[in-house]
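Have the viewer open as you read.

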Amino acid sequence: MLGQVAVVTLLLGLIGPEVHAESAKQEECGLFNEEQLLKQGLFAIPTEHQWIARIVFSKGFEGKIRDNGCLGVLISKRNVLAPAHCFVQYNGEAEAFSVHLGVYNKTTPINRPACDIDGFCVRPAQEIKLAEVAIHPEYDPLTLKNSLAVLTLQRDAKLNPNVMPVCMPPPDLVNQTLVGQTFVMAGLRTREDLKLKTWVNTLSRGFCNSKVSSLVTSSTTICGYQAKPETYYIGAPLVGMQVRFQETQNFYLVGLMIDWRWESHRIMSSFLTIRPYLDFIKLNADSLIERS
């Protein structure tokens with residue numbers, strides 16, 4: 001269990017991360033497959049959205065979190081992003097313990113393959129303990145503004161077909177609007193066991209608030225309807241598709257889901273967008289991958 005966590009950790013500035021340019025030797029990130037993208041079944045393929053991380057807490061802390069669970073997103077071998085309100089409650093203590101990477105079935109014990117009744121097996125998930133939690137200095141637990149944390153793992157994740165970091169937002173998209181777009185969200189669900197994905201059609205903040213006034217939004221969030229009415233754990237990553245020369249290259253991180261609400265028979269979700277926080281992320285993470 002991590003003890004009291006300072007709003008800005010003491011290690012800020014001691015590590016000088018760089019965003020590496022694309023090269024033949026660079027690690028993969030945001031693996032994209034059009035065949036997989038088009039399959040919208042009851043669950044996601046194990047080798048899709050391999051950056052999903054499940055946050056593990058000390059016993060009993062899950063009950064303080066909505067739906068008893070949180071997710072994050074792997075952004076490098078050693079770092080995970082997640083909503084700050086998954087960790088810091090009103091007492092200022094962070095109760096997170098570790099992360100699970102490569103989870104396909106959330107009921108499968110860690111370090112064991114997930115197998116179904118037909119004999120299909122998925123390689124074991126990895127558990128890595130946390131070394132540090134850096135909370136955004138302007139995080140407000142009452143309004144959930146700036147709800148972002150950078151987690152540092154005690155060791156590198158072992159990358160494989162089921163575990164891979166997502167790419168960071170490309171520089172040429174930094175000033176483009178996120179409204180009126182179609183993105184993909186994937187994660188573990190609150191009522192089902194297997195990882196799933198869904199389309200998200202983004203809308204204006206004003207429209208979302210007019211439909212669901214209780215939805216948490218701010219100037220750094222984007223909102224929209226999910227194509228599938230499934231409830232995901234907080235922190236499910238929203239990703240976009242980077243296109244170059246008419247070919248889709250990879251997925252890149254758009255945001256993290258921080259709130260959701262039912263609206264009629266649909267689910268409207270709110271996502272903290274990553275672009276305004278890139279400086280904070282780069283100060284606290286190492287070896288990020290950015291596809292130019």
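The points below go through the disulfides and then a strand with its partners. Please keep in mind that this is a predicted model. The count of disulfides comes to four, and with bonded cysteines counted along the chain they follow the pattern 1-6, 2-3, 4-5, 7-8.

**The link of C29 and C167**
- C29 is joined to C167 by a disulfide, with an S to S distance of 1.9 Å.
- The torsion about this S-S bond is about 90 degrees, so the disulfide of C29 and C167 is right-handed.
- C29 sits in the loop between β1 (19-20) and α1 (34-38), while C167 sits in the loop between β9 (149-153) and β10 (182-187), so the pair ties together parts that are 138 residues apart in sequence.
- Both C29 and C167 are buried.

**The link of C70 and C86**
- The sulfur atoms of C70 and C86 are 2.0 Å apart and form a disulfide.
- This link of C70 and C86 is left-handed, with -85 degrees about the S-S bond.
- C70 belongs to the loop between β2 and β3 (71-74) and C86 to the loop between β4 (79-82) and β5, so the pair ties together parts that are 16 residues apart in sequence.
- Both C70 and C86 are buried.

**The link of C208 and C223**
- C208 and C223 form a disulfide as well, with their sulfur atoms 2.0 Å apart.
- Here the torsion about the S-S bond is about 100 degrees, so the disulfide of C208 and C223 is right-handed.
- The pair links distant parts of the chain, 15 residues apart: C208 is in helix α2 (residues 205-211) and C223 in strand β12 (residues 221-226).
- C208 has a relative accessible area of 0% and C223 has one of 2%; buried means under 20%, so C208 counts as buried, and so does C223.

**Strand β5 and its partners**
- Strand β5 covers residues 96-101 and is mostly covered, with five of its six residues buried.
- Strand β2 (residues 52-57) runs antiparallel to β5, and five bridges join the two.
- R54 stands opposite H100 in β5.
- Strand β8 (residues 126-135) also pairs with β5 in the antiparallel sense, over four bridges.
- Across that pairing, S98 has K129 in β8 as its bridge partner.
- As background for viewing, side chains in a regular strand alternate between the two faces of the sheet.

Conventions
Residues are numbered from 1 along each chain as its sequence is written. This is a predicted model: local features need pLDDT of at least 70, side-chain atom pairs count only at pLDDT 80 or more; totals for chains, interfaces and linings use all residues. Side-chain values use heavy atoms; hydrogens and water are left out. Buried means under 20% relative accessible area, exposed over 50%, partly exposed in between (1.4 Å probe, protein chains only). Two strands pair if DSSP finds at least two bridges between them. A disulfide is a pair of cysteine sulfur atoms within 2.5 Å.
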